[in-house]
Amino acid sequence: MVKEEVVLVSFWSSPFGSRVKIALEEKGIHYEYKEEDLFNKSSYLSTINPVHNKVPVLIHNHRSICESLNIIEYIDEAWSDRSPQFLPSDPHQRSQARFWADFIDKQLYEASKKIYREKGEEQVNNGKKEVLRILKLVESELGEKAFFGGDNLGFVDISLIPFYSRFYTWETFGKFSIEEECPNLVAWAKRCMQKQSVANSLPDPLKIYDFIVSLNKYYHK
Amino acid sequence: MGKDDVKLLSMWASPFCMRVKVALAEKDVAYEEILESDLMGAKTELLIKSNPVHKQVPVLLHDDKPVVESTNILTYIDEVWPAKPLLPACAYGKSRARFWADYIDRKVFPAGRNVWTAKEDDQVESARKEFLDILMYLDGTLGEQDYFNGDTFGFVDILLIGLTSWFPAFEKYGGFKVEDEYPKLAAWITRSYARETVSESLTSPEKITNFVGMMRQMYGIE
């Protein structure tokens with residue numbers, strides 16, 4: 001069997017990079033991890049992602065794939081012979097999964113930054129309201145299912161679960177409890193954390209909190 | 001096999017709706033178009049029920065099941081009606097198409113909006129520069145190919161061509177011409193418009209430019 005070159009370039013705190021780690025581990029794909037210093041970006045990054053110069057980037061047999069959701073779909077297709085399949089086989093269900101992953105992508109990260117990066121009670125409260133609106137919508141989509149993917153982790157699960165590492169940060173800055181507001185969603189998150197792929201891929205929430213506190217000192221100078 | 005029941009909730013000026021119309025035409029899929037009114041009218045109950053999260057067009061209803069977000073709709077169309085594929089066959093080719101789809105979606109229309117909503121000269125100048133910088137990457141990736149999809153008109157072509165009905169408006173208010181800045185891209189626009197599926201699906205740029213002029217007056221930009 002030909003040895004494949006699989007490299008993931010990312011940053012330890014990136015939830016987008018964590019998504020890719022989970023997907024690779026779920027499929028049992030061996031890969032080399034390269035940490036990129038986002039505060040001192042290498043010229044290497046600009047060669048593998050010349051348009052955006054961002055992480056994560058997956059390199060598979062010398063070809064680079066960028067944008068985390070794009071990477072997850074690529075992994076699903078390039079290793080379609082390995083289970084699990086992240087996207088369902090029915091086209092309508094696939095479109096639903098893509099819709100929710102895209103919704104999470106476009107809204108959650110930006111909204112969450114208002115909680116911990118903004119100064120001023122009003123902005124923090126606005127951020128909190130927005131994040132809860134998003135999480136509650138997503139929670140109602142989960143319904144009674146164990147995972148968004150049904151019995152196993154799927155595309156939407158992988159898209160969302162890395163943000164669980166940030167719940168502690170959002171709750172501490174915003175002075176609220178996500179578990180109180182979205183108990184089913186937190187139960188889902190804990191269920192995901194029991195999976196090796198997730199537990200191995202997510203950074204420690206306290207480490208994330210300390211990192212964000214120190215970043216704030218830098219941004220608020 | 002029974003006849004598919006396909007409906008498209010759309011609005012005449014929306015470039016995102018135009019994309020879906022081109023895709024359905026390319027696949028020879030018959031559909032009923034249900035027009036939402038433009039900015040002034042209230043959203044219909046059908047739209048709110050079909051797209052409760054965003055309440056926006058386009059919405060594809062296939063046997064009454066809704067599919068929303070234009071890029072998502074195009075992928076769905078390609079999967080349900082696989083003849084004359086819009087996406088490349090291989091996983092890497094698909095990932096390249098999705099990358100450029102994401103780039104186009106995130107950058108082109110918002111930058112175009114910055115151009116036609118800019119009031120002061122310096123705002124127009126910086127909006128124009130931003131828009132042209134974004135097109136530069138697209139021009140680069142098109143290269144010497146006939147289409148973004150290679151030899152055949154495909155996914156990325158369809159996503160971008162709908163937006164080009166708004167380009168004359170951006171050009172008018174931004175003070176530039178795409179054919180002067182990026183002749184290859186301009187040639188791709190002309191080549192794509194020669195396809196009946198495109199020319200019959202896109203709203204005329206003249207109508208769009210008048211619409212943009214009206215919105216500028218409404219927002220007090222002129």
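Author: The structure holds 25 salt bridges over all chains. The cut-off is a side-chain nitrogen of Lys or Arg within 4 Å of a carboxyl oxygen of Asp or Glu. This is a predicted model, where local features need pLDDT of at least 70, side-chain atom pairs count only at pLDDT 80 or more, and totals for chains, interfaces and linings use all residues. Side-chain values use heavy atoms, without hydrogens and water, residues are numbered from 1 along each chain as its sequence is written, and chains are lettered from A and ligands numbered from 1 in the order in which they are written.

Reader: Which residue forms a salt bridge with B:Glu26?

Author: B:Arg195, with the closest N and O atoms 3.1 Å apart. B:Glu26 sits in helix H1 (residues 15-26) of chain B and B:Arg195 in the loop between helix H9 (183-193) and helix H10 (196-199), so the pair ties together parts 169 residues apart in sequence. Helices (H or I, at least four residues) and strands (E, at least two) are DSSP runs, numbered from the N terminus.

Reader: How many salt bridges are there between chain B and chain A?

Author: Five. In one of them, the side chains of A:Glu67 and B:Arg106 meet at 2.7 Å, N to O.

Reader: And how many residue pairs in polar contact there?

Author: Eight, with both residues at pLDDT 80 or more. That term needs N or O atoms within 3.5 Å; within protein, one must be able to donate a hydrogen and the other to accept it, and residues adjacent in sequence count only if both atoms are side-chain atoms.

Reader: Which elements of chain B supply that side?

Author: Strand E4 (65-68), helix H3 (70-80) and helix H4 (91-117) of chain B each supply at least two residues. H4(B) gives the largest share, 12 residues. By type, the side of chain B that touches chain A has 12 nonpolar, four polar and nine charged residues. Here Ala, Val, Leu, Ile, Met, Phe, Trp, Tyr, Cys and Pro count as nonpolar, Asp, Glu, Lys and Arg as charged, and the others, Gly among them, as polar.

Reader: What area is buried between the chains?

Author: About 2200 Å², with 60% from carbon and sulfur atoms. B:Tyr92, B:Arg98 and B:Phe99 lose the most area in chain B, together 27% of what that side buries. Buried area is the accessible area (1.4 Å probe) lost on putting two parts together, summed over both.

Reader: New topic. How many aromatic pairs over all chains?

Author: 37. One is A:Phe39 with A:Phe211, edge-to-face at 6.4 Å centre to centre and 70° between the planes. A:Phe39 is in the loop between strand E2 (32-35) and helix H2 (43-48) of chain A, and A:Phe211 is in helix H11 (residues 205-219), 172 residues apart. Rings of Phe, Tyr and Trp (its six-membered ring) pair with centres within 6.5 Å; planes under 30 degrees apart are stacked, over 60 edge-to-face, the rest tilted.

Reader: What is phi of A:Lys175?

Author: Near 55°, a positive value in a residue other than glycine. A:Lys175 lies in the loop between helix H7 (167-174) and helix H8 (178-181) of chain A.
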